[in-house]
Every structure is written in C-alpha cells, then in structure tokens.
Amino acid sequence: MPEQDSSFALGSPRFSDTRLASLAADQGVLAAWKQAFSQGRSPADVLSGVTGRFAVAVQLADGRCVLAVDRFSIDSLCYRLDGGQLRFAPRADALADSSRTLDPQAIFDYLYFHVIPSPRTIFQGVQRLPAGHVAVFESGQLRIEPYWVPTFSEDSRESFAVLAEEFRGVLRNAVAGQLDGSKAACFLSGGTDSSTVAGMIGLVGERPAASYSIGFDAEGYDEMEYARLAARHFKTDHHEYYVSPADLVASIPTVAAHYDQPFGNSSALPAYYCAKMAKDDGVTHILAGDGGDELFGGNTRYAKQTVFDWYGRIPGSLRRGLLEPLSDLGAIKQIPLIKKGASYVNQAKVPMPDRLMTYNLLFHLGLQDVLTPQMLAAVDIDGPAQQQRALWPQARTGDLVNRMLAFDWRYTLADCDLPKVVGTTGLAGLSVGFPMLDDALLAFSEKLRPDFKLKGLRLRWFFKEALRDFLPDEIITKKKQGFGLPFGVWTARHDGLKALAGRSLHGLADRGIVRREFVESLLNERLSQHAGYFGEMIWILMMLEQWLAAKAPNYRLA
C-alpha cells in the first residue's frame, strides 16, 4: 500500500485509519463547514457556495461523515465500504488489499477512454468521487450526489469591450491567486493558454516568469519555436529540454507505476520531464495552463460537431426522403463528392454524445479483432457509452457548444488532463496550480455568450480577441498542439522503444486481455503503415501492461 502524504484524518473508531490529505484552505474553513452542516443545511447546499480547490472529509458532531471534491476534482478522493465502515484515501490503490480484485470493466473503460473515468476505478469495490460531488456516510449507508451542476446563462448582451475588460481583470487575479511566493514558474508549450499564464505572471509578479518547455526532434511534433517566441515576448527566464526515445525507455515504467490505476495520456511523459527540469532548477510550485480550451471553446471538435448539428436543421422530410436514402446507396457512394456527403449524413445521424466517439480507436480497430473472447464475455461493451449518455443532458444549457464544454469539464479535465499534470508534477516533487480553472473564470465562462466562444467556426474567439494586444499574433493564430508525443514514429525507428512495446503487448496477450494475433499485426505490420495512428494504440496497451506489471503482476483474466 502506498505511503500516504496526509494532513487530516478522522479520529472516529467508525472509520479506518486511512489518512486523507485535506486541501481546504485551513482548519477555519473546515470549522465553518461543520457549523453550516450542524445548522441543518444539506451538505449539497453548503458546498454549492464553496469555492477553490479541495478534496476533504469532514466528520460532523452527529456522527455523519461528508466527503467532497471541488468542481474539477483537481485532487482525487477514493472510497470503499467495508463491513459497515467507510474507508477513503487520495489514491485508489491505497484502498486495495488482497480482497480487492481488478475489474475487467475498468480495463475495458481504460481501452475505450485511455483513462478510467470516475466513479469506477481499476479495483472492484473501490470508487472515486466524481467532480463536483459530495458523499454522505450515515448509519452505515453512503449517499452520493452532485452539489454543483454546470449552469449557463446564455442571454447576456454585455458588450465585447465591457466583457474583455472584466475578463482580463479576472484572469490577472486568477494567476496572482495561484502564486505562493516561491519562484514564479510555468509550463510553456507556446500555445494560447500557457503563453497567457506566462505573460500574466510577469504582470502580477515581481519579475517575469521562469518558463519550461519540452521539444521533440521529430518533424510535425516540435513547436519549440512558439515557446521561444512567447518567452521572448514576455521576457521569461526560459528553459528547454528535448525528450528522446531513450528518455521514454528509461521513464515509462516509472511514470506508469506512479499512478494509482492505468493512465494512458501520452503527454504525461513530456509533462514529467518538463516538471523534472523545473524541479532541478529550484522550482517548488509551477503553474499550468490547462482549462482554457474547455472553458472558452478551443477544441476543434466544438466546430466539427457544430457543422454536424446543422444537419438537424434540414427539414425532416428532406432528410428522410432524399439525403439518408442516398447516403445508404452502395455504388453511388464511390463518386467522390457523393461519398463525402454520405459520410457527413451518416455521422450527422448519430445522436450526441455518441457522435463524439464515432472514431473511437478501440471500436474502429474492431473489438472482436482486438480483445480475447474471455475479455469480451466479462464486460459490457456499451457501458462507456451509457455513462456518457447519462451525463450528457445534466448541464443546464440549451446550447450545443456549452453542453460540450460541460461534458469536457468532466471527461477531458477531471478524468484526463488534470490527473496527468497533478500526477507528473507530484512525481517530480512539485506542487501545481491551475489559474485557468479559477472559480471566477469558471463563472465568467458560464455567463459568456455561446457565439463569443465559437464565432461561426472560429474557436475561442472571445479569448483571443480580448488578449489580441497582449499575446503575439503568431500564437493567437497557431494550431493547438501542446506536448504531443511522437511515440509511434520513434517506436518504428528505435530498437529499445520497440522492444519495450513488444514485451508489454505480449504481456497483455499472456494475461488473456488482447488477442496475440492483433499484437503481432500491430507491431509487425500496422506500425510501419501509419506510425502515428497505430502508435497510439500501442501506447495505450503498453501503459496498461506497465501498470499491471508493477501493481498486479499475477493478474490473469479468468
């Protein structure tokens, strides 16, 4: 069981001695919460007015225990019921013991999402509290509910000038609030968000930021020129490191084993090296730019799905009587223009949120070809889609873009990008702050008009226009890339990396999870055909096996 770094524990004998790191601001906050709870207000009502970053357990005078995480679950909180007792910890593996077997459905969810979304964890009977949720344990029963639901006000008619002035003030305060008095530092990919954070540090701090960037010696993956441009523009104390294939061979087992369950976001490796570089330079706290795309409309899928949504505005008689029958004709679809139109119609017919996963890698490669019969028999292949369908309508909005934003706050931020950054900075020995996820910025996003987020098909229009005289034009107009990893390209060329991948994938085949024929085809044929595309699947499988090798070496699918 991993050693727990904790500062807050429950002393009641009703609970185990598992300790929990409380990220509430201070004990005064906890006292205020207890007082509010004791006044008869429901935990959900009390927490709806709480802001900031927290993962906390509060024991009340009446014997109840309240567990809660912030709106983005920046820090995780896991729990299990055990013989009428509630056990909890920041990590899922801290709650695992010999009685907790691995959950095949969680493995399937990992292969589908490349992470394991809450509330499920890799361990049967151990769950993770979803973002914006509260759990109340009383008389041996656990009740879980959201205390906050994304709620958008979409009829604001405030002028751009007024909103831009407000936004810049809120953004500046958000960055200032994340600095702790130590050396002011930030990740710098050269994208809009990280460049904004770097520049704002210079405005609110005593000196320009120390900035840290990762590069790759691989065509199409390296965007160091943009990081250097931002560094020059904001006069940061800039530092660079070029990750190599040898670095991956050395660090993949360490990074995989650091997480409490399988984690497949490939940018974790460059994020780790970037954080390690900052740590070696004397940094103890670093700021990250995650969240700007998801709050202000910066992901390309927002524009793509908007185009598909236009299909629904075509009169139903025309869709059903002409367009859809044409899209199903075999021979006519060989005509290039018709073929493209048929593809559009066939995708547009798929309802949201299923349409977001039309190109899901696992399904696109073929479940029957990838997974063993025993694996398929052990899981519900529709489970991930069912979870997403249940979450999709919960946000209070009538706008497609805002609904996609709220959806991403859960799946992209809380379940993927934030664990990536929190995990890798923690491994490097740093704490991390997320100014783009400041509560005031979140509230600003919720009130910002949808057409200011996506102007026609222009992504994050308002954000960029409001900062046009602050950011370099080249960064405002560049395409988003971040710390994308050229894993597939390198694996096809680097013997050590390919050997590590080969051992890992054959290990999964030995466990009865994936078909050995698929492994052989992936490594020996498909990788050379399209290294970037098939390299992603190799990465996902490799990181799963590396985690299993470290945490459950004897696991075999029955």
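The model is a predicted one, so local features are taken only at pLDDT of at least 70 and side-chain atom pairs only at pLDDT 80 or more, while totals for chains, interfaces and linings use all residues. Residue numbers run from 1 along each chain as its sequence is written, and side-chain values rest on heavy atoms, with hydrogens and water left out.

First, the overall picture. The chain carries 25 helices and twelve strands; these are DSSP runs numbered from the N terminus, with helices being H or I of at least four residues and strands being E of at least two. Of the 558 residues in the chain, 57% are buried. Here buried stands for under 20% relative accessible area, exposed for over 50%, and partly exposed for what lies in between, with a 1.4 Å probe and protein chains only. The accessible surface of the chain is about 23,000 Å², and carbon and sulfur atoms own 51% of that surface; the areas come from the Shrake-Rupley method with a 1.4 Å probe, and for residues only the protein chains shown count as cover. As for contacts (heavy atoms within 4.5 Å), residues 24 or more positions apart make up 73% of those with a separation of 6 or more.

Three strands line up in the order 4-3-5 as an open sheet with antiparallel pairing, where two strands pair if DSSP finds at least two bridges between them. Strand 4 (85-89) and strand 5 (127-128) sit at the edges with a single partner strand each, so one side of each has no neighbour in the sheet. Even so, strand 4 is largely enclosed by the rest of the structure, because four of its five residues are buried. Strand 3 (residues 78-82) pairs with strand 5 over two bridges, in the antiparallel sense. Strand 3 also pairs with strand 4, again antiparallel, over five bridges. Tyr 79 has partners in both of these strands: its bridge partner in strand 5 is Gln 127, and its bridge partner in strand 4 is Phe 88. The hairpin of strand 3 and strand 4 has two residues between the strands, and Gly 83 in this hairpin takes a positive phi near 60°.

On to the charged pairs. With a salt bridge taken as a side-chain nitrogen of Lys or Arg within 4 Å of a carboxyl oxygen of Asp or Glu, the count comes to 31. One of them brings together the side chains of Asp 193 and Arg 460, at 2.6 Å from N to O. That pair spans distant parts of the chain, 267 residues apart: Asp 193 belongs to helix 5 (residues 192-204), and Arg 460 to the loop between helix 19 (450-453) and helix 20 (461-466). Asp 193 is buried at 9% relative accessible area, and Arg 460 is buried too, at 3%.

Glu 223 and Lys 478 form another salt bridge, at 2.8 Å from N to O. Here the partners are 255 residues apart, with Glu 223 in the loop between strand 9 (210-216) and helix 6 (224-234) and Lys 478 in the loop between helix 21 (473-477) and helix 22 (487-493). Glu 223 is buried, with a relative accessible area of 6%, and Lys 478 counts as buried at 10%.

Glu 240 and Arg 228 also meet in a salt bridge, at 2.7 Å from N to O. Glu 240 lies in strand 10 (residues 237-243) and Arg 228 in helix 6, so this pair ties together parts twelve residues apart in sequence. Glu 240 is partly exposed at 32% relative accessible area, and Arg 228 is partly exposed at 34%. Elsewhere, salt bridges with shared partners join Arg 80, Asp 82 and Asp 97 into one network.

A cis peptide bond links Ser 118 to Pro 119, with omega about 10°, and Pro 119 falls in the loop between helix 3 (104-113) and strand 5. Another cis peptide bond links Met 352 to Pro 353, with omega about 5°; Pro 353 is in the loop between helix 12 (336-348) and helix 13 (361-365). Positive phi in a residue other than glycine turns up at Ser 73, near 50°, and at Lys 235, near 55°.
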